[in-house]
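Dear colleague,

Please find below the structure that I am handing over to you, followed by a short account of what was found in it.

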Amino acid sequence: MALQTLIDGLCFAEGPRWHDGRLWFSDMHAPWVMTVDEAGRTDRIVEVPTQPSGLGWRPDGTLLIVSMTDRKLLQYKDGDLSPVADMYDLAPWHCNDMVVDAKGRAYIGNFGFDLFAPDIDLSPEGLAKLPRTNLLLVDSDGHVREVAGDLGFPNGMVITPDDKTLIVAETLSRCLTAFDIKTDGSLSGRRVWAAFDDAAPDGICLDEAGGIWIASPMTQSFLRVEEGGRITHRLEADRQAIACALG
């Protein structure tokens, strides 16, 4: 299987989601939420000056957008962009990816530290010493709460079709971590879903058979993994693999 370029000229594409017959994504440094169809036709949906990242939809079709640098959750509806929740007091650093459940609740990760600080050590030894961080939940009424802690750069997330399990990519811990989802949205039963020797999962997506595709920027590859860690497919890229989606 070979990779093909659909569109180019983007600044930094993140958070791809297939929705309503199009691929939606955040060109975060542009900074626009955009769409592209299968023919490569693009459309700019809404500008988010504070860098858009994770995307998701409420049951009523309202688009939710993570605003990174001011650590807010926004909504875009009927041409209007407005705030839903302020996460600044609970998120230690920039917010990033997100998944929205069937009740319209949003699980949102954050860097946990300044990734671009000049003294950051990204060697294997240095990564192990970087600060851990938390996972936040924004309820449908906009209330923000912490639902998990001690995470190594929580990034891409998926929820299983039965709405019972949340799986989080811990980029710096090189693993996928699963949680049981309680009725109120809180999490329990933390466990390692899959661990990797060299891959560092960034964006992820879930396929119909229950496998998870991960984008691994450090190995410039996309991998399909099953629970327990068996890798069934590998696609090599010619640059950093940041995020992935199925449509």
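The side chains of Arg-105 and Asp-101 meet in a salt bridge, with N and O 2.7 Å apart; the term stands for a side-chain nitrogen of Lys or Arg within 4 Å of a carboxyl oxygen of Asp or Glu. Both Arg-105 and Asp-101 are buried (buried is under 20% relative accessible area, exposed over 50%, and partly exposed in between, with a 1.4 Å probe and protein chains only).

Please note that this is a predicted model, in which local features need pLDDT of at least 70 and side-chain atom pairs count only at pLDDT 80 or more, while totals for chains, interfaces and linings use all residues. Residues are numbered from 1 along each chain as its sequence is written, and side-chain values use heavy atoms, with hydrogens and water left out.

In general, side chains of opposite charge can pair when their charged atoms come close. A second pair joins Arg-145 and Asp-139 at 3.0 Å, N to O. Arg-145 is partly exposed because its relative accessible area is 21%, whereas Asp-139, at 13%, counts as buried.

Glu-226 also forms a salt bridge with Arg-224, where the closest N and O atoms are 3.5 Å apart. Here Glu-226 has 27% relative accessibility and so counts as partly exposed, while Arg-224, at 9%, counts as buried.

Furthermore, a network of salt bridges links Arg-132, Asp-150, Glu-170 and Arg-190. The structure holds 13 salt bridges in total.

Yours sincerely
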